[in-house]
Amino acid sequence: MGKVISISNQKGGVGKTTTAINLAASMGLAGKDILIVDTDPQCNSTSGLGVDRKNLVKTLYDVYTSKHKIEDVIISTPYDHLFLAPSSIDLLAVELEMVSRDRREWLLSDALKPLKDKYQYIFIDCPPSLGLITLNSLVAADSVIVPVQCEYYALEGLTMLMRTINLVKRSFNPTLSIEGILLTMFDARNSLSSAVAKEVKSHFGQKVYSTIIPRNVTLGESPGHGKPALYYDVRSKGAQTYLTLAREILGDIALQNKAAS
Ligand code: ATP
Ligand code: MG
């Protein structure tokens, strides 16, 4: 049974999309099919995988509006075992359109359910807000990865995100868990980065991944070429660190499965 992981933080520019693309591409190398669901109207995961949204006929918008099943929207990518449910700028309006719908919090969950046998992991790239799109993502998810940028105000807003996650657990999705807190854009030359990393670890303890994503030029450049870093420069520190993160997560989950059996 596949696992649905929401990559959420309502703060903008913290590395949600970079993590969705590069973690998914790294896991694809392990040989199991991986799906990225791009729920952000900015379409950064879609363009970062080299998909020209002008050529898309069906997108996630059609799923939220029940015009098409998600199976009809998913496209393959040139990357190993990596599939995409592309976004559309039309999603800007979808939250308003959802408001009057029945089961409006469950639209994505209902859509993804039949896919859990097909993909080992489904990563949902969220927009930088806590609106209905992110709520749908948290209701659909088994767990959440929270990227936290090693910059000023890193912890700002995390309390609100944790409160939202707890509210979703209470009202919709009791088994939702925090998969992990991911420190991103770490700059070893900057003492602020180390201070932020320390502060986040003191708040979240074991939930913080031991893999820390460095600030790295390749990670910033590769989306402009429509590629995960791994396919742009596999030797780059950025590509290698996301591979390490994939191993950390796969290892953890293998251990958890063992513990549960
Ligand atoms: P949004 O909230 O707008 O969706 P986001 O949380 O998805 O943003 P990203 O788009 O992943 O954040 O990253 C923000 C910017 O920083 C992008 O230009 C991205 O290429 C760049 N970036 C992300 N991670 C790194 C990194 N580790 N090193 C260098 N640049 C990075
Ligand atoms: Mg993004």
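A residue is near a molecule if one of its heavy atoms lies within 4 Å of it. With that in mind, the tour of this predicted model begins at the ligand.

**Stop one: the ligand.** Select ligand 1 and the 18 residues around it; those that come nearest are Lys16, Thr17, Thr18, Pro214 and Asn216. By class, this shell comprises six nonpolar, eight polar and four charged residues.

Display Lys16, where an N or O atom of the side chain is 2.8 Å from an oxygen atom of ligand 1. Next, select Gln42, whose side chain places an N or O atom 3.1 Å from an oxygen atom of the ligand. At Gly13, a backbone N or O atom lies 3.0 Å from an oxygen atom of ligand 1. The protein covers 80% of the 620 Å² of accessible area that ligand 1 has on its own.

**Stop three: the contributing helices.** Colour helix 1 (16-28) and helix 10 (217-221), the elements that give two or more residues to the shell. Helix 1 gives the most, with three residues.

**Stop four: salt bridges.** The structure holds eight salt bridges. Select Arg215 and Glu151, a pair whose closest N and O atoms are 3.6 Å apart. Arg215 lies in the loop between helix 9 (191-204) and helix 10, and Glu151 in the loop between strand 6 (143-149) and helix 8 (158-171), so the pair ties together parts that are 64 residues apart in sequence.

Finally, select Arg189 and Asp187, which form a salt bridge at 3.2 Å, N to O. Which of the two is buried, and which exposed? Asp187 is buried because its relative accessible area is 17%, under the 20% limit; Arg189, at 78%, counts as exposed.

Technical notes. Residues numbered from 1 in each chain as written. Chains lettered and ligands numbered in written order. Predicted model: local features only at pLDDT ≥ 70, side-chain atom pairs only at ≥ 80, totals over all residues. Heavy atoms only, no water. Polar contact = N/O pair within 3.5 Å; in protein donor to acceptor, adjacent residues only side chain to side chain. Areas by Shrake-Rupley, 256 points an atom, 1.4 Å probe, with all protein chains shown as cover. Helix = DSSP H or I, 4+ residues; strand = E, 2+ residues; numbered from the N terminus. Nonpolar A, V, L, I, M, F, W, Y, C, P; charged D, E, K, R; others polar. Salt bridge = Lys/Arg side-chain N within 4 Å of Asp/Glu carboxyl O. Buried < 20%, exposed > 50% of the residue type's maximum accessible area, 1.4 Å probe, protein only.
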